[in-house]
Each structure stands twice: as structure tokens, then as C-alpha cells.
Amino acid sequence: MKNRDRIAYTVAHRKAFRQVEKQLLGHNTIRSLFHDLDKVFLYMLFDYKKVHEFHRAHAGHHIVKARTHADRVQMVIDWECARFTKPDKPLNARDTLKKFYPEYTDEVLPVIEELGL
């Protein structure tokens, strides 16, 4: 099967996302059920890089698309849980903001603080 390792990586990340979301919010949202699910299916059909770029350009929980408070909450949870399943992404949400997206501090830091991170 195409991109088998990427699919396993994404499935593990989805599970961690739901666990961290429940820990931070006290419940899981409908959005968490669909978090990165597009990637699981698209990886079966397309090249990893194309799927990755498509997802980042269209998913509301990524910085370029996050417009609402709910989008930003999902984005912060995504950043926070990445370190649990993604060896290439060891930072927590606060450190991810500081290192990669400091220009978004005014928009995102309040969400990080709201979530107690």
C-alpha cells in the first residue's frame, strides 16, 4: 500500500490529538473525529508531499487557514500533541508558537493560556 508509514504516523497522531483534546477541554469535539482524516485516505492515492501541501493549505487547524477561535483551539491542540507521536516535532504548543510562528503571538498566545498550557 502506498505511504503505509505515513498512514500509521497519522493514525497515531489522530489518537494522540483526541487524548490531548479530552484532557484540555474535558470532552472531545466533533472536529476531533475528523482531524487529519483526509490525510489517511489521500495517502492511499497520492504522493506524500502533494497530500501534505494540500492538507496544510485547506485544513482549518493550520495557521494559514485558522480564522476562528475554534480553529485556533484545534491548532494549539495539534501543536501540543505532536510531540507525543512525531519525533520530528518535539516542541509543545507554546514553544512551537515561539519558534515557528512568533508573528501570530497576539492571536494564539491567549488560546494557549486559556487551555492552561
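**Aromatic rings and their surroundings**

Modeller: Let us begin with Tyr-101, which is buried, with a relative accessible area of 17%; please keep in mind that this is a predicted model.

Biologist: Why is Tyr-101 called buried?

Modeller: Buried means under 20% relative accessible area, and Tyr-101 has 17%, so the word applies.

Biologist: What makes Tyr-104 partly exposed?

Modeller: The class lies between the limits of 20% and 50%, and Tyr-104 has a relative accessibility of 24%, so Tyr-104 counts as partly exposed.

Biologist: How many aromatic pairs are there?

Modeller: The count comes to 4 aromatic pairs.

Biologist: Why is the pair of Trp-79 and Tyr-101 called stacked?

Modeller: Their ring centres are 5.1 Å apart, and pairing requires centres within 6.5 Å; their planes stand at 5°, and planes under 30 degrees apart count as stacked, so the pair is stacked. This pair links distant parts of the chain, since Trp-79 is in helix H5 and Tyr-101 is in the loop between helix H6 and helix H7, 22 residues apart.

Biologist: What makes the pair of Tyr-101 and Tyr-104 edge-to-face?

Modeller: The centres of these two rings are 6.4 Å apart and their planes are at 70°, which is over the 60 degrees required, so the pair is edge-to-face. Trp-79, Phe-100, Tyr-101 and Tyr-104 form one aromatic cluster.

Notes: Residues are numbered from 1 along each chain as its sequence is written. This is a predicted model: local features need pLDDT of at least 70, side-chain atom pairs count only at pLDDT 80 or more; totals for chains, interfaces and linings use all residues. Side-chain values use heavy atoms; hydrogens and water are left out. Rings of Phe, Tyr and Trp (its six-membered ring) pair if their centres lie within 6.5 Å; planes under 30 degrees apart count as stacked, over 60 as edge-to-face and the rest as tilted. Helices (H or I, at least four residues) and strands (E, at least two) are DSSP runs, numbered from the N terminus. Buried means under 20% relative accessible area, exposed over 50%, partly exposed in between (1.4 Å probe, protein chains only).
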